[in-house]
Amino acid sequence: MHVIMGGTGHVGSATVEALLAQGEDVLLVTRDAGHATRWRRKGAQIVEADVNDVPSLHTALKRGKRALLLNPPADVSTDTDAVERRTVRRILEALEGTGLEKVVAVSTGGAQPGERIGDLNVLWELEEGLRRQSIPTAINRGAYYMSNWDGQLDSVRANGILAAMFPADLPIPMAAPADLGRAAAARLVSGVDDVGVRYVEGPADYTCNDVAAAFASALKRPVKVEVTPRDRLEPAFRSLGFSEAAADSYARMTAVSIDRGFDRAENPIRGDVSLDAYIAALVGTEP
């Protein structure tokens, strides 16, 4: 049995889909079973547990042999770093004594020690915590999620403007959630000796200009990129509803990615979903 945290989110649901397609037994962990009815219809088992309730998560993890660990994103109106570091500690606590034979953790390219750099330092702390415990652990450092562009569909459709926090011509490793999920599923079913860090990327790097071109092609209208100036990153995040603390962390994380470049591997796990295909599916057209 594979226990899947975050099974109703982008990567978690793609992992569930891939495992069920292989005939694997899946136990999906969710705070609200009502959000997972489609997975029950497809054959997954459902258990209600909350990452903030360590005993409930511990009990859920004990029901399986292997587990996908995914730290849930905090509401951006909160202090996201503080909330997500706390949930990392609770995941690690819930793992103790579960008897799992292997876990796969969803991390991010660029994970590194630090303070107030968002997912980069939060997921580094998850990685480090997993390295200190005894369960064999596979870590997938995913590229920039193509789904991060989903929220701009309506505004791009209406105004023909793609808002970007990165330079328009900066190559960025990106990956579709479906490819990230398939990579997670593959490492869940592989041997217990398949451990350590692997990077997961899409078929190519893409720029924000490429994202705009993909939207333009799918929507049949011109789309231009508007890049937020470096000194306006934090206010831009605040304008999107981020708390002051979250805006600071996300602005710093963005700046680190621009200044230091995106963390890469010579031989990443490569997915098949292109940016054009992903955006076309988002818009609802055929690629």
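Reply: The axes of helix α3 (residues 54-61) and helix α4 come within 8 Å of each other and cross at roughly 50°. Here an axis is a line fitted to C-alpha atoms, for helices over the stretch in contact, and the angle, from 0 to 180 degrees, is taken between N-to-C directions. Helices (H or I, at least four residues) and strands (E, at least two) are DSSP runs numbered from the N terminus. The model is predicted: local features need pLDDT of at least 70, side-chain atom pairs count only at pLDDT 80 or more, and totals for chains, interfaces and linings use all residues. Residues are numbered from 1 along each chain as its sequence is written, and side-chain values use heavy atoms, with hydrogens and water left out.

At that angle, α3 and α4 are therefore oblique to each other; angles under 35 degrees count as roughly parallel, over 145 as roughly antiparallel, 65 to 115 as roughly perpendicular, and the rest as oblique. The crossing of this pair is right-handed, a term used where the near helix is turned clockwise from the far one by less than a right angle, with anticlockwise giving left-handed. From α3, the contact draws on V54, L57, H58 and L61, and from α4 on R90, I91, E93, A94 and L95; contact means heavy atoms within 4.5 Å. By class, the residues of this α3 and α4 contact are 6 nonpolar, 1 polar and 2 charged. In this scheme Ala, Val, Leu, Ile, Met, Phe, Trp, Tyr, Cys and Pro count as nonpolar, Asp, Glu, Lys and Arg as charged, and the others, Gly among them, as polar.

Helix α4 (residues 80-95) also packs with α5: their axes come within 10 Å and cross at roughly 15°. The two helices are therefore roughly parallel, and α4 passes α5 in a right-handed crossing. On the α4 side the contact is made by D81, E84, R85, V88, L92 and L95, and on the α5 side by D119, N121, V122, E125, L126, G129 and L130. These residues divide into 6 nonpolar, 2 polar and 5 charged.

With a relative accessible area of 1%, E127 is buried; buried means under 20%, exposed over 50%, and partly exposed in between (1.4 Å probe, protein chains only). The side chains of E127 and S107 are joined by a polar contact of 2.6 Å. A polar contact is a pair of N or O atoms within 3.5 Å; within protein, one must be able to donate a hydrogen and the other to accept it, and residues adjacent in sequence count only if both atoms are side-chain atoms. Beyond its neighbours within four places in sequence, E127 is in contact with S107, A111, I139 and R141.

The loop between β5 (102-108) and α5 (119-131) holds Q112, which counts as buried because its relative accessibility is 16%. Its side chain reaches the backbone oxygen of G110 at 2.9 Å and makes a polar contact with the side chain of R260 at 2.4 Å. Setting aside neighbours within four places in sequence, Q112 is in contact with I117, L120, N121, W124, V256 and R260.

R116 is partly exposed, with a relative accessible area of 27%. Its phi is near 60°, a positive value in a residue other than glycine.

A further positive phi, again near 60°, belongs to K220, placed in the loop between α8 (208-219) and β12 (224-227). K220 counts as exposed, at 72% relative accessibility.

Finally, R31 sits in the loop between β2 (26-30) and α2 (37-42). R31 is exposed, its relative accessible area being 67%. Apart from neighbours within four places in sequence, R31 is in contact with E48, A49 and D50. R31 and R63 are 32 residues apart in sequence and 16 Å apart in space, C-alpha to C-alpha.
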